[in-house]
Amino acid sequence: QEFIRLILMEFLRSGSSDMHVEAGQPTGRIRFRYDSEMFVRWDDIPFQKIKQIAMGLAEISGKDATQMKFKDIDSTVKVRAIRDGRSADVELRFVSQPTLYAPSIVLRSQLKPIRDINAVGFLPRQIADLKAAYSQNRGILIITGATGSGKTNTLEAIYAQLEASDLKKIIEIGEPIEIRSTRRTQMSLRPNSQFAWWDAFYSCLRADPDIIGIGELRSAEHAAVAINAALTGHLVLSTFHAANVEDTLSRMFQLGLPRENLSTGLNLILAQSLIKKLCERCKVIDPHPSELYDVPVYKGVGCPECFNKGTRGRTAMAELLYFNDEVKEWVENRSMTARDVVQRALRAGYLIPMKEVARQKVIEGITSEVEVAAVLGLVESKRQFSNAAYRQESDADLSNQMVSRIDEFIEGEIVG
């Protein structure tokens with residue numbers, strides 16, 4: 001129990017999103033996922049010890065440890081940690097799968113979302129367009145991006161602004177609901193349930209909402225009813241899987257939705273990704289940037305504070321198109337493709353491209369050229385090479401320093 005408590009405290013202290021207990025023969029390991037990348041925290045753990053950790057975590061979560069050999073388990077573990085003199089209960093999601101040697105355990109931290117729209121990472125002009133879009137009484141806002149790009153957090157930040165006045169009826173439909181709120185009505189759909197998506201949506205319309213949240217537009221039918229809801233006087237918030245604004249608009253055209261409905265119903269398309277922020281403790285001026293800047297730009301080298309990665313935390317990087325009257329006319333024009341609309345918006349200054357947003361973050365010292373290149377798909381190996389030399393020198397004393405820093409948690413206990 002004491003060893004498990006120390007592992008959980010270190011996991012919470014590190015700020016990692018999840019912890020993986022992986023069994024092997026003759027040894028296993030424990031890895032953390034930090035800023036979307038996996039790294040080994042403890043290696044060469046004897047098989048018997050790994051098995052004891054897995055069984056102990058199952059018992060803490062209130063599940064029968066013997067069942068982990070035959071089926072997967074999905075549960076929660078609650079930990080009470082005292083930090084800076086304050087006690088806080090932290091809920092961790094517990095998932096196990098039966099594997100060849102012993103159950104594989106994953107603990108996922110339910111990280112607190114950013115509810116301040118100004119802290120998500122958007123540029124001031126983008127925030128102004130976003131506020132103009134969700135301040136309207138009707139229309140649809142579409143947040144797009146790949147899996148893990150922060151769409152849910154951005155939606156939560158928008159919800160927080162809409163909930164602040166407490167003057168609107170907000171109903172959210174999720175498959176399932178990822179972030180719970182007491183300020184809006186939430187319907188969480190489950191697979192193979194008799195209460196399907198269509199039942200939830202039409203039930204939602206009968207409840208007279210002002211704002212409707214739809215977890216994801218999965219098909220042409222979903223998109224069509226969402227647009228119709230926007231046209232009939234509701235503000236609709238939803239997500240969509242697309243790479244950028246042009247791709248989203250192109251997909252909407254391909255779904256066969258009438259252009260007149262799209263131009264009238266759409267308020268805004270926001271495409272985003274997450275980029276790693278430089279560690280404030282170890283970032284240094286980059287002596288050889290790939291292009292000229294008017295100010296010094298920085299790069300990360302790595303230190304124990306950031307696990308030798310040179311980065312700590314992530315921020316949003318987005319391009320968005322607000323549908324003003326001129327953009328609506330372009331969308332209605334059937335002779336114009338999605339690319340034509342986006343190119344005109346760029347020339348008119350209505351849309352800031354992702355590359356320009358990334359360059360601005362480099363100038364502000366938030367991130368580095370290497371991180372930008374990795375996110376935009378230009379290069380991946382550069383970042384790994386840049387930290388290799390530092391990692392070789394500091395790996396030996398990293399473990400001792402990290403264990404000594406566990407005293408940031410003055411006290412901790414497992415509460416069930």
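How many of the 416 residues of the protein count as buried? The share is 48%, where buried means under 20% relative accessible area, exposed means over 50%, and partly exposed covers what lies in between, with a 1.4 Å probe and protein chains only. Before going on, a word on the model: it is predicted, so local features need pLDDT of at least 70 and side-chain atom pairs count only at pLDDT 80 or more, while totals for chains, interfaces and linings use all residues. Residues are numbered from 1 along each chain as its sequence is written, and side-chain values use heavy atoms, with hydrogens and water left out.

Let's start with the overall picture. The protein has 14 helices and 16 strands; these are DSSP runs numbered from the N terminus, H or I with at least four residues for helices and E with at least two for strands. Among contacts with a separation of 6 or more, 64% come from residues 24 or more positions apart, contact meaning heavy atoms within 4.5 Å. The accessible surface is about 20600 Å², and carbon and sulfur atoms own 48% of that. Those areas come from the Shrake-Rupley method with a 1.4 Å probe, and for residues only the protein chains shown count as cover.

Now for the inside. In soluble globular proteins, nonpolar side chains tend to be buried together. Here the largest nonpolar core holds 42 residues, with Ile140 and Leu217 touching the most other members. Helix 6 (residues 220-231) gives the most to this core, 6 residues. A second, separate core has 30 residues, including Ile7, Ile30, Ile60 and Phe94. A core of this kind is a set of buried Ala, Val, Leu, Ile, Met, Phe, Trp, Tyr and Cys residues joined through side-chain atoms within 4.5 Å. Leaving aside residues up to four places away in sequence, Leu217 touches Ile140, Ile142, His222, Ala223, Ala226, Ser238, Thr239, Phe240 and Met252.

Strand by strand, strand 8 (residues 170-174) and strand 10 (residues 211-214) run parallel and are joined by 4 bridges, with glutamate 172 having glycine 213 in strand 10 as its bridge partner.

Strand 12 is mostly covered, with 11 of its 13 residues buried. Strand 7 runs parallel to strand 12, with 5 bridges between them, and threonine 144 stands opposite alanine 271 in strand 12. On the pairing with strand 15, strand 12 runs antiparallel and there are 10 bridges; leucine 278 stands opposite threonine 311 there.

A few single residues are worth a stop. Glutamate 163, in helix 4 (residues 151-164), is buried because its relative accessible area is 3%. A polar contact of 2.5 Å joins its side chain to that of arginine 184. Such a contact is a pair of N or O atoms within 3.5 Å; within protein, one must be able to donate a hydrogen and the other to accept it, and residues adjacent in sequence count only if both atoms are side-chain atoms.

Finally, the backbone. Most residues other than glycine have a negative phi, and most peptide bonds are trans. The bond from glutamine 25 to proline 26 is cis, with omega near 5 degrees, and proline 26 sits in the loop between strand 1 (18-22) and strand 2 (27-34). Aspartate 44, in strand 3 (residues 37-46), has a positive phi near 55 degrees and counts as exposed at 55% relative accessibility. Asparagine 308 has a positive phi too, about 65 degrees, but counts as buried at 1% relative accessibility.

Note on methods: Pairing = 2+ DSSP bridges.
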